[in-house]
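Subject: Structure handover

Hi,

Here is the structure I promised to pass on.

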Amino acid sequence: MKKSDSKKTGFILYPVIVLALVSMTIMQGCQVVTTAAKVGAMTGVITEGQAAGIEKTAVAAEKTQEEITPSQEYYVGRTVAAVITNKYKVYQQDRATQYINTMGQTLATVSDLPETFGGYHFLILDSDEINAFAAPGGLIFISRGLLRCCKTEDAAAAVLAHEIGHVAYRHGLNAIKKSRITSAITTGLLEAGKNLTNSQVAELTTVFEGSIQDITSTLINSGYSRAFETQADKGAVEILKRAGYNPQGLLDMLQTMEKHMKPGGLDFAKTHPAPKARIESINESFSSFPPVDESLKRQARFRRALAGI
Amino acid sequence: MIKRKIIISAFTSIVCISSFIALAYAAANMSVQVRETQIRATPDYFGKIIGKASYGDRVAVEDKKDGWKKVRLKKGGLTGWLNSSALSEKEIKMAAGERGVKETASSSELQLAGKGFNPEVEREFKNRNKEISFQWVDRMEKINISQVEKQKFAKAGELTPEGGR
């Protein structure tokens, strides 16, 4: 083989080799830590017990990103939703409920996470607050106060799409303190294949209660990070485009919200970036949208469905 | 010298290719990770529904397109398209004797699911927090809009979709 040929072969092979090494490192990263722990124990630097502990923690840390599977997320979401529906009264108007579910489930179909374990479901909260909550897995709540900030169906769709964004990006689960999950894995509580004893169920339920507390206090009191809100707004724009709505509806809704929002309020005023900041952030990411010009049919059904709001 | 380089490169590429083949093979079998999902004739939600799959069902992936996977059900052999969001690379095993098997247990060395936050934990939570009612949660979960109704809604509202997944 000529020298130039071997150079060529090398040219082609090197990226492949680098790729292989990178993928091997990703796959084996955890093993390196656990092997180091074993070596540490063998050389007497640490005890075997300590080594086992380090191994477990390393495995746990590796898994914290994915240990909450869609079925577990579903049970977390149900309980978060239960806490919300016990704090707020539900608005019982079948036509309005059916309407936001039809719109919301249509929007969810074109999101980045169209299917969750239990699916997407929506309720209106009988509250004047400007508020909305998305429980993990797709149980979504919108207040009457927030729906009053929507002058068009496109604007209402924007509100639902933003909440679907929080679900699709799993923001709720991110609010759970990592230490809770890590400890539950390290102690084997989240491990599958064993039948848990009563005391283990009790211990796991305590972890569960803590996780629910982390999520509900984030949703109700502290709010998500600005980065998460921006991500949900951007996600909403994409969902609206895919579904055939005008994303300008989101900006219109934020402008109305700005006017209606009471400073110091215990709702979006407390948990979300100011509407103005959200508008600026959306404008930075997208070129401007045409004004919302809904068809008469769409406008009419929106008015009809939410007449009592 | 050159020969040695070639041999080393060739060996490394064989290792690399075989590990990729191994990875590809591992990804070829997947599990349904949602409670229930529809198998469609084409890779989109407008596609005709030809069957359904439930939590834990194993499938072999034969093709993929725009967020959809063409699968063959291990049980029964039905072939059709499932949205990727309904599928997991992890194996989900059912725990024998569990009440409501479809919504519980799953396991494998990679996976920790059913034994974690599950109906048993929810029951214990309810015991401890009797003041928290799940009545509305149970009610809202029953509100399901069919694909036909969604299409009617889009058409009646004169929505002009860019097309999604």
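This is a predicted model: local features need pLDDT of at least 70, side-chain atom pairs count only at pLDDT 80 or more; totals for chains, interfaces and linings use all residues.

Residues are numbered from 1 along each chain as its sequence is written, chains are lettered from A and ligands numbered from 1 in the order in which they are written, and side-chain values use heavy atoms, with hydrogens and water left out.

The overall picture: chain A has 14 helices and three strands (DSSP runs numbered from the N terminus: H or I of at least four residues for helices, E of at least two for strands). Of its 309 residues, 57% are buried (under 20% relative accessible area, with a 1.4 Å probe and protein chains only). Take the contacts (heavy atoms within 4.5 Å) between residues at least 6 apart in sequence: 72% of them join residues at least 24 apart.

Now to α6(A), residues 153–168. Its 16 residues reach 22 Å from first C-alpha to last, close to the 22 Å expected at 1.5 Å a residue (that is, 1.5 Å times one less than the number of residues). The helix is mostly covered, with 16 of its 16 residues buried. Just after it, A:Arg170 takes a positive phi of about 55°.

What does α6(A) pack against at an angle of about 60°? The partner is α4(A), residues 94–109, and the axes are 10 Å apart (lines fitted to C-alpha atoms over the stretch in contact, with angles from 0 to 180 degrees between N-to-C directions). Residues making the contact include A:Tyr99 and A:Met103 of α4(A) and A:Leu160 and A:Ile164 of α6(A). By class, they divide into ten nonpolar, one polar and one charged.

The second pair is α11(A) (residues 248–260) and α13(A) (residues 275–285), whose axes come within 9 Å and cross at roughly 160°. That makes α11(A) roughly antiparallel to α13(A). Among the residues that meet are A:Leu254 and A:Glu258 in α11(A) and A:Lys276 and A:Ile279 in α13(A). This contact has seven nonpolar, two polar and three charged residues.

Cheers

Key
Buried means under 20% relative accessible area, exposed over 50%, partly exposed in between (1.4 Å probe, protein chains only). Ala, Val, Leu, Ile, Met, Phe, Trp, Tyr, Cys and Pro count as nonpolar, Asp, Glu, Lys and Arg as charged, and the others, Gly among them, as polar. Angles under 35 degrees count as roughly parallel, over 145 as roughly antiparallel, 65 to 115 as roughly perpendicular and the rest as oblique.
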